[in-house]
Amino acid sequence: NTPKSPNVIWISLDTQRAQSLDVYSNPISTSPFLKRFAEESIVFDKAYSQSSFTWTSHTSMLTGTYPVKHQMLNNNNPIPAHKNVKFAGQYFKELGYETFLAATYVGNERSFPIAFGIERGFDVILPYDALRVPESTIKTMLDAFSFKKPFFAFLHTYIVHGPYDVENSYYDKYRFPYKGNVPFDNADWEKKFGQKVTDQNRKDLEAYKANNFYKNIDVDNPEDLKLIRARYHSVINFEDTQLEKLFTELKKVVPDFDNTIIVITADHGESLGENRELGHVLSYETNLWVPLIVKVPHQSPKRIKAPVRSIDILPSVLELVGGTPNQNVDGKSFVYLFNSPDQKKHFDTTFAEAHLHNTFYVVTKDQWKLTIEGNGKERLYNIEQDPSENTNLVQQEPNKALELKSILMNYQTTPPIQ
């Protein structure tokens with residue numbers, strides 16, 4: 001029953017910023033398993049998301065198209081994607097794959113855009129976090145697949161998303177002396193909530209955390225920021241543990257598991273006080289730079305220097321399995337970079353946008369990045385010389401700002417898929 005084409009497992013670690021992982025040189029170890037996995041894989045030093053918002057970024061990722069074309073811009077009164085917007089599940093279904101989707105879906109909160117297009121082409125959909133209980137995910141996969149055909153599984157986890165909630169044993173690994181007012185572990189939250197958590201009030205406490213998570217944090221207080229980063233590192237460590245459990249079990253039960261392409265990435269990153277932001281509302285690199293690790297059968301491990309984009313993943317994986325993206329796809333396969341890892345350039349420009357808590361449009365070309373916010377404010381950075389985006393160069397480099405603004409305005413006139 002060895003499949004003629006490789007299986008594909010594509011994992012999205014929601015809200016996972018690249019720079020907080022061991023493989024991207026985080027000085028505080030959070031993810032030893034993922035680092036070991038990366039040592040056997042192809043690691044992209046820089047991958048750009050097309051939005052800092054889950055719905056928009058995942059739709060771009062799974063269609064290979066920019067937001068301006070797929071129009072999945074926010075989850076406030078959304079409409080399903082146009083029928084001609086083709087998703088990954090549909091491509092793999094047409095190629096004869098068995099298909100499976102496990103993704104976080106929290107009632108009316110619509111954490112993941114199931115029922116608005118992203119579910120197209122999937123034989124089986126598990127509307128739960130794929131990594132919270134990996135054993136359940138694997139059981140559902142085993143029930144879904146005959147393994148007489150290759151399979152495509154897209155697995156989404158919300159573990160790392162705020163308020164960075166995990167068992168105290170994970171917080172203990174990153175605990176430090178702190179005398180401020182921000183709750184750190186579950187006991188602190190219960191004290192602030194005024195009740196011990198029970199099965200009856202658990203949802204109330206979770207809602208309380210979500211509504212009050214950022215309220216006591218002073219972004220100018222280094223100790224508060226250290227605490228938030230410790231909480232974030234704690235959930236990454238839990239996520240890493242769950243990834244290891246997932247792959248350990250999959251190797252035991254999936255026939256010919258070695259003939260599997262594995263993609264691990266994120267929909268967007270997270271700001272932990274950089275540029276005075278907490279969360280992922282704005283357009284800074286902390287929110288748009290995502291990890292991308294790809295393991296391909298018979299490919300030697302390497303690091304790719306040229307920046308790539310989330311929209312490049314779909315056409316790349318399709319090339320590896322013998323498929324072809326349709327004419328609407330904006331992404332470009334990066335497979336050729338496997339043989340040219342030192343090449344410095346893969347694309348000419350990339351775009352990002354968001355339209356939920358904040359509106360912005362971004363264009364990045366070479367080392368230059370221009371953001372235009374919903375209020376018309378423009379920010380221009382040389383991200384090679386100023387990767388933290390501290391110095392707005394709009395006044396000093398008016399010609400460059402004008403050049404990029406013209407490119408961005410042209411992008412904004414791109415017609416949606418019809």
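Phe147 is found in the loop between α5 and β6, where helices (H or I, at least four residues) and strands (E, at least two) are DSSP runs numbered from the N terminus. Good morning, colleagues. This is a predicted model, in which local features need pLDDT of at least 70 and side-chain atom pairs count only at pLDDT 80 or more, while totals for chains, interfaces and linings use all residues. Residues are numbered from 1 along each chain as its sequence is written, and side-chain values use heavy atoms, with hydrogens and water left out.

I begin with backbone geometry. Most residues other than glycine have a negative phi, and most peptide bonds are trans. Phe147, however, has a positive phi, near 65°. Phe147 counts as buried because its relative accessibility is 13%; buried means under 20% relative accessible area, exposed over 50%, and partly exposed in between, with a 1.4 Å probe and protein chains only. Asn275 also has a positive phi, near 55°, and lies in the loop between β8 (271–272) and β9 (278–279). At 23% relative accessibility, Asn275 counts as partly exposed. Finally, the peptide bond between Gly162 and Pro163 is cis, with omega about 10°. Pro163 belongs to the loop between β6 (151–157) and α6 (168–172).

I turn now to Asp129. This residue sits in the loop between β5 (124–126) and α5 (134–144). The side chain of Asp129 does have a polar atom 3.2 Å from the backbone nitrogen of Arg132. A polar atom of that side chain also lies 2.6 Å from the backbone nitrogen of Tyr158. Leaving aside residues up to four places away in sequence, Asp129 touches Ala103, Thr104, Thr137, His156, Thr157, Tyr158 and Ile159, contact meaning heavy atoms within 4.5 Å.

Technical notes: Polar contact = N/O pair within 3.5 Å; in protein donor to acceptor, adjacent residues only side chain to side chain.
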